[in-house]
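Let's take a friendly walk through the aromatic side chains of this model. Have the structure open and follow along.

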Amino acid sequence: MSMASRIEYSEKYCDEFHEYRHVILPKDLAKSLPHKNRLLSEGEWRGIGVQQSRGWQHYCIHRPEAHILLFRRPLGTDPQTGRVDAELARMAREEEYKGQLGLPETARA
């Protein structure tokens, strides 16, 4: 089984500005990362096997569990281009987009 196939992905969750997800790396893969104390660029996290649509940014290091990468992207991001789409952003402000993501009511508040 390859390292990339052992990477786990959370469901997406959001607030009024961003959608979020976390990615859990196998601990042996995380230990081999040369840069444990800084955020990874898109090229770096894709290079270790993380696979997700466009627009995600590694935004935070969770020091107690450095093998968990925290990602976010602005609500309204087009997953094909990684750019914020004005119409999707409008829909996000009106809660429609969150509903289309299939998020539970508690996550849409």
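Start with Arg 21, which lies over the face of Trp 56, at 5.7 Å from the ring centre. A charge counts as sitting over a ring if NZ of Lys or CZ of Arg is within 6 Å of the ring centre and within 35 degrees of the ring normal.

A word on the ground rules: this is a predicted model, where local features need pLDDT of at least 70 and side-chain atom pairs count only at pLDDT 80 or more, while totals for chains, interfaces and linings use all residues. Residues are numbered from 1 along each chain as its sequence is written, and side-chain values use heavy atoms, leaving out hydrogens and water.

Now to the ring pairs. Rings of Phe, Tyr and Trp (its six-membered ring) pair if their centres lie within 6.5 Å; planes under 30 degrees apart count as stacked, over 60 as edge-to-face and the rest as tilted. By this rule there are three aromatic pairs. One of them is stacked: Tyr 13 and Tyr 20, 5.9 Å centre to centre with 20° between the planes. Tyr 20 also forms a tilted pair with Tyr 59, at 5.7 Å centre to centre and 55° between the planes. Tyr 20 lies in strand β3 (residues 18-24) and Tyr 59 in strand β4 (residues 57-61), so this pair ties together parts that are 39 residues apart in sequence. Strands here are DSSP runs (E, at least two residues), numbered from the N terminus.

Key. Helices (H or I, at least four residues) and strands (E, at least two) are DSSP runs, numbered from the N terminus.
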